Every structure is written in structure tokens, then in C-alpha cells.
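This report walks through one protein model, from a helix pair to the overall fold. Keep the structure open while reading.

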Amino acid sequence: MTDRIIIFYGSKRDYEAMVDSEISEGEVTIPFMDLIQHYNARLRPNESGVRESALSRTIKVDNCIVRADDYGSVLEHVLSNFVTIVTLNHDIGTLFVHNPPRRVRESLCTIYRDEIEYRYSEYPTLTRGKLKELYSNLDKEILGQEVCKKQIASGIYRLITNTNNRPVVLMLYGPSGVGKTESAKSISKTMGGELLRVQFSMMQTNEAYEYVFGAGHSKGSFARDMMSRESNVILIDEFDKVNPSFYNAFYELFDEGRYVDTNYDVNLGQTIFLLTCNFRSEDEIKKILGPAMFSRIGCCIEYKELSTEQKQIIVSSWYDELIATLREDEQEVIATTDIRSWFLKNAERYDNIRILKTKMENAFFDKLVETFIIA
């Protein structure tokens, strides 16, 4: 039997903090996988080496912790018979359950429907003060792109007055390496946590299909990742690489902030979705994505190429950041080189700031290897 059940929906960070706040020092607490080991021993006692007397004895514990990753380590019948398996040989004071798949929740509800306590990650409410902070951080961390930063703030402002719980969807487009992804990271940091970044271009067709629509409970999915998000900001990188056959999965998500797959039902109202692509114009976005998808995008925001002067500012800033990570003798070696002056002089060669930073970093470490490793 179980005296108390708490189902928590949200990030791992928030779940662990909630569990820590609920458990008192000295209480007997076991992980869910210990229960599964005991259950497997009941099924195959001859293989387990555990005596029958030990298997039939009821074990009392104060707490049992079920983590979201645990579901991928068990067979499907464990999910459907979750409540029976959990209580088979244990009397549990409090059962903590993190982001359960639909079958786990349904199993618990068959016995404990009215007794289950539900907890959720709480994401910062967007206010004018919070949006002002968001814009200020963007202004400090993203060089140039003044129009983009204003358009982002404008696109997000509607969440302050939004009463229908819809998400905001913004398309950031333009060449690579000019600040689109960095903008998303800055916004997420201001809004409370690590950015959830999804890259469909990294997936093959079958893998992407299962990720979007859900497959076996042991596999990762878009819904599970969104449910576990730390902030209410989600970046879908290279949205132009998403297979058009998947677009219907995003219609309800962008319209109503709800996403349903084979295992999860996720509420994403008030979420900020940032889509990035390398399209060259708003007309091209509309043509490629089609009217149905395009109409669900709140604003298309064009990122421009950076000027030579802006690239030089990035060179100086990145050089100082790299120097600060080195030991004193390493700093002295780098100071004797022309790395800084060379990259300042040749900054205009680089259209992609990410590549510029990588090249400078390589120059640093090439010199350090020559000095301290090969010499």
C-alpha cells in the first residue's frame, strides 16, 4: 500500500528540489529501481538467489523516488501495472513520481485517483519588469542586431496581456553565426533556466518521426523533452530542415500550447518558441513553410551580417575571455604572439562568428601545444 502519492511535472532540477524539501533526515528512502529488482526476483526466484521467505515479506519504507529516466529501464508491462508492481512487497509512506508516461498515471489513478497530489515546475510570469530585464540582457550579450532585439521584445510583449494561454512563436532568420542561437540562450537564461534546444537536422527521417510523434517509452521524444524543460523558452534550431510531413504536429502546439504524443500530454501555454532558419527573406519563409505554418508564426525577425567594427569588438571580447581561462605562464606565452592583432586585422574575412571564435581558440592552443607539449 501507499499512504501518499505526489506526481510532479516539470524539470529534473525542480523535481529533485521538491523531493529534498519533502524528505526528512533519517527517513528510509529507496529508488524505484530497487522495487523493480525485488519484483523481478519474485518472477524468477530461482535466478535471483533470494529466499522465498524474504520475497514474501512486506518491506516498509518512508519514501520511494521514481525518476523520469527510470521508465526507459523497464518493460512495457511495468508501466501498465505500475501501481501493482510498486506496492507488491512494499508499504510506502510517500511515492514521488516524476513526469510519468500516460500509462503510469492511468495505473495510479485506477486506485488512488482522488488522493494523488500534483505538483508542477513554476516558470517566471512575464511582466514589464521581466521583459525589460530580458531586453537589457539581450542588449548586453548580443552585438548589433538592434532592430532584432526590439522585435523580439515586441513579439514577447503579448504574453504580458495574453489571456488565452497561447504561446509566442518567433522565427529568427538570416545567415549562420550572427547571433540567433545566442539570443535564444540569453532569453532562456533570463526566463529561469537552461535552454531546451532541439535540432531536427541532426535526425534521420525515422528517428525524427519517432521523436516527434512518440514511440516506445524507452526512447526520447519531443513531448518528454518539453515536459522536462527548465525554462519556458524552447529553441527549434534549423526549422527549415524539419520534414514538412511533421508540420501537423506543430499546429495545435503553436495555436493552443498543447502537445500530445503516444506517451505524454504537455501543456505549453505562455511558452516562448524560437525557430531559427537560414532563409533569406520573409517571402521565402512563407513559400517554403506554406500558409498554414506561416500563419502560426507571430513575427519573422531578420538577423543581418555584422559589420567589420562589430566583428572586431567580438575579437577583443573573445580574446580577453580566452586569456582569463589560462594559467599565468600560458598568458605570458600568448601575450608574445600577434594572435589578437591578426584577428582584429582580418575580422572581415569571417562571415560566421562561430567560426571566427573557433579559429582564434585554435590559434591559442596551437601555440600552447608548441610551447609546453612539443618543445
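## Two packed helices

Helix H16 (residues 308-324) packs against helix H17 (residues 328-335) at an angle of about 145°, and their axes are 9 Å apart. The axes are lines fitted to C-alpha atoms, for helices over the stretch in contact, and angles run from 0 to 180 degrees between N-to-C directions. Helices (H or I, at least four residues) and strands (E, at least two) are DSSP runs, numbered from the N terminus.

The model is predicted: local features need pLDDT of at least 70, side-chain atom pairs count only at pLDDT 80 or more, and totals for chains, interfaces and linings use all residues. Residues are numbered from 1 along each chain as its sequence is written, and side-chain values use heavy atoms, with hydrogens and water left out.

Which residues of H16 and H17 meet? Tyr 319, Ile 323 and Ala 324 in H16 meet Gln 331, Ile 334 and Ala 335 in H17. Contact means heavy atoms within 4.5 Å. The residues of this H16 contact with H17 are five nonpolar, one polar and no charged. Here Ala, Val, Leu, Ile, Met, Phe, Trp, Tyr, Cys and Pro count as nonpolar, Asp, Glu, Lys and Arg as charged, and the others, Gly among them, as polar.

H16 spans residues 308-324. The charged end of Lys 357 sits over the ring of Trp 318, 5.1 Å from its centre. That label requires NZ of Lys or CZ of Arg within 6 Å of the ring centre and within 35 degrees of the ring normal.

## A buried aspartate

Asp 237 lies in strand S8 (residues 233-237). Its relative accessibility is 5%, so Asp 237 counts as buried. Buried means under 20% relative accessible area, exposed over 50%, partly exposed in between (1.4 Å probe, protein chains only).

The side chains of Asp 237 and Arg 197 are joined by a polar contact of 2.6 Å. A polar contact is a pair of N or O atoms within 3.5 Å; within protein, one must be able to donate a hydrogen and the other to accept it, and residues adjacent in sequence count only if both atoms are side-chain atoms. Leaving aside neighbours within four places in sequence, Asp 237 is in contact with Thr 181, Arg 197, Val 198, Gln 199, Phe 200 and Thr 276.

## Aromatic pairs

Rings of Phe, Tyr and Trp (its six-membered ring) pair if their centres lie within 6.5 Å; planes under 30 degrees apart count as stacked, over 60 as edge-to-face and the rest as tilted. By this rule there are 16 aromatic pairs. The rings of Tyr 209 and Phe 213 have centres 4.7 Å apart and planes at 40°, so this pair is tilted. Both residues lie in helix H11 (residues 205-213), four residues apart, about one turn of the helix. Tyr 209 is partly exposed at 47% relative accessibility. Phe 213 is partly exposed too, at 23%.

Phe 239 and Phe 250 have ring centres 5.5 Å apart and planes at 80°, so they pair edge-to-face. Phe 239 lies in the loop between S8 and helix H13 (248-256), and Phe 250 in helix H13, so the pair ties together parts eleven residues apart in sequence. Phe 239 and Phe 250 are buried. Ring pairs link Tyr 211, Phe 222, Phe 239, Tyr 247, Phe 250, Phe 254, Tyr 259 and Phe 273 into a cluster.

## Positive phi

Most residues other than glycine have a negative phi. Asn 99 and Gln 145 have positive values.

## Core and overall fold

In helix H1 (residues 12-22), Asp 14, Tyr 15, Glu 16, Met 18 and Val 19 are buried. Their cover includes strand S1 (2-9), strand S3 (59-66), S4 and strand S5 (116-120).

Val 168 is in strand S6 (residues 168-173) and is buried, with a relative accessible area of 2%. Its C-alpha atom is separated by 9.2 Å from that of Asp 255, 87 residues apart along the chain.

The protein has 19 helices and twelve strands. Its C-alpha trace spans about 80 × 60 × 40 Å along the principal axes. Buried residues make up 48% of the 375 residues.
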